[in-house]
Amino acid sequence: MNHLLLLLPLLMPLYGAIFSLFFWRNVELQKVFALQSQVATLVSCILLFMAVEDKGILTTQVGNWPAPYGISLVADMFSCIILLAGSVTGFAVFMFSLQGLDFPRQAYGYYPLMLFLQLGVSGACLAGDLFNMFVWFEVLLICCFVLITLGGSRPQLEGSIKYVTINFLASSFLLAGIGIMYGLVGTLNLAEMALLVRILEGHESLITMAGMFFLVALGVKAAVFPLFFWLPASYHTPPIAISAFLAGLVTKVGVYALVRLFTLIFVLDTELTQLLLSVIAGLTMFIGVVGAAAQTDFRKILSFHIVSQIGYMIMGLAFFTPYAIAGLIFFMVHNILVKTNLFLISGVVARHYNSFALKDLGGVYLKQPFLALLFAISAFSLAGIPPLSGFWGKYMLAKAGLELKAYALVGVSLLVSLLTLFSMTKIWNEVFWKKKPDETEVALLSPITNRMLHMPVVMLVLFILFISLYAEPLVHLAYRAAIQLLDSDIYIRAVLYQ
Amino acid sequence: MVGILFGAGLYLILHRHFFKLILGLMFFSLATNLFIFVVGQLTRGGTAIIEEGSEEAVEPFSDPVPQSLLLTAIVIGFGILAFAIVLIRRVYQVLHTNDMDNLNETDKIEQPIYPHE
């Protein structure tokens, strides 16, 4: 039963995607399949989560070869939490795309691609093998490439060239890193690698060097400081139903892999990696938020904020205490939900007013106070106003930092929070508060369309409120996940000696 | 050899011309593949297939794992490269340009207005 549970988050999107491909011409049927597999993925993630919470780390060997030889799938608390957040996002984005995406794009394979993308995300989260993780990353990336170019409008093509080139380079780096690790320890299984890295003598510096390969490769995918420029150049180009999912989830998978590898394998020279990660974290946060301040497009502001929020996650990894890692996990979940939701809201606004540019928008508060309320909750949550979810994540990270006396980094993070609030206020003023410039016309949408557009946003806001107000048990959960991450013996034992 | 390929690939990617970008990507993936071959301890010798009746493979045998990694990596690289070529052809059709520097419209703060969808 456990084996099946581990495979379900992979199988469900795969089945949905294959069936949708069979019915290429029939979009309505594709929607039905996509809905079914979204619900099934969500349910299977919940089941997996409950099983992992109950029994600890679950593993299965694909093809039934024993651990270091076969390909392992491993689910611990951290991967389950990310999977769960991912499937919630997937569901919300699917609901939005029913009305929020134009028909030609829907008919050109949006649904199967989205499901393949989710397959890649699930795979990357469950992989217990370095090369397997790389392959899942490629699955995910190819889907992203196609989704970003889907429709082939001019800005999309511009964005995608940059996206494809830089991610191709990052994949090559990842592959080179994997090659080095294999050459050093002679295995690809994460658990065995973690074991051998600790036993073998005399390789420390080489392993740290391999770690730097991974840091660069995954840093590109997660969009950390010197490597983030592709993100604001490409994420705002595709339609919202696509960019919301990419923004919410795909960069976080990069962070997930960074956390996994830098808690499990590259822990020998922690002084160097922690110093490096702290510097990266501080700069990522700061540059991201300053970049956002200059922008005048709803989506581009949000894109720069993704970068800035990634900095917080790297900060948690840099502190490397259980409490900081717990904060990181909580913050990741919060960020996946909030970011997707803000993108979806910008999509709803754009659907009504046909623009993302701040100067063309205005007066939304008068027309749609409910939407304004939904935006306010998400935006304040992003900025970290108590008692919303962003506050708890940042509080945990800051507290962990203060315990380590890392005052500079904590100071930067608090300053960045303030600047985030500034950006959000800017959007609020321009889009919701300011008087509407006269020349823009408002698209009239039927009430059903309108409701369908609002539904996923409301759903995500409810989730955000849930993790905000029900924070304590969730913080405990994140703490347990963090303990599991930092105590690699549990992981090694679960995979190799089950 | 690997170093030269890496260098050449990166140099070509930094060029503004689309065709050079493709060539650069190609060199870069080739370099990575060769690199794995080298660090995976390349050996000349028999296969790692164990003879019937014996317990261990006869030394020297080549390690099958890097080979299988490479095979997968080559296939993936090939797929991405094919996609990149099609993408660049499409970009050329839509934008009528061959120069990377003309691709900065989306980065400008004051956006040109595109009709939404």
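Chain B and chain A bury about 3,900 Å² between them, and 74% of this lies on carbon and sulfur atoms. Buried area is the accessible area (1.4 Å probe) that two parts lose on being put together, summed over both. The model is predicted: local features need pLDDT of at least 70, side-chain atom pairs count only at pLDDT 80 or more, and totals for chains, interfaces and linings use all residues. Residues are numbered from 1 along each chain as its sequence is written, chains are lettered from A and ligands numbered from 1 in the order in which they are written, and side-chain values use heavy atoms, with hydrogens and water left out.

The contact between the chains takes 46 residues from chain B and 46 residues from chain A. Contact means heavy atoms within 4.5 Å.

Within chain A, helix α12 (residues 298-319) and helix α17 (residues 407-433) have axes that come within 11 Å and cross at roughly 160°. Helices (H or I, at least four residues) are DSSP runs, numbered from the N terminus. Axes are lines fitted to C-alpha atoms over the stretch in contact, and angles run from 0 to 180 degrees between N-to-C directions. α12(A) and α17(A) are therefore roughly antiparallel (over 145 degrees). The contact includes A:F298, A:Y312 and A:F319 of α12(A), and A:L409, A:M424 and A:V431 of α17(A). Its residues divide into 12 nonpolar, 7 polar and 1 charged. Ala, Val, Leu, Ile, Met, Phe, Trp, Tyr, Cys and Pro count as nonpolar, Asp, Glu, Lys and Arg as charged, and the others, Gly among them, as polar.

Helix α7 (residues 190-199) of chain A packs against helix α20 (residues 488-496) of chain A at about 125°, with the axes 8 Å apart. From α7(A), A:L190, A:A191, A:E192, A:A194, A:L195 and A:R198 meet A:S488, A:Y491, A:I492, A:V495 and A:L496 in α20(A). This contact has 8 nonpolar, 1 polar and 2 charged residues.

Two loops of chain A carry backbone features. The peptide bond from A:P386 to A:P387 is cis, with omega near 5°. A:P387 lies in the loop between α15 (369-383) and α16 (389-403). A:A223 is not a glycine, yet has a positive phi of about 60°. A:A223 sits between α8 (204-222) and α9 (230-234), in the loop.

How values were computed:
Angles under 35 degrees count as roughly parallel, over 145 as roughly antiparallel, 65 to 115 as roughly perpendicular and the rest as oblique.
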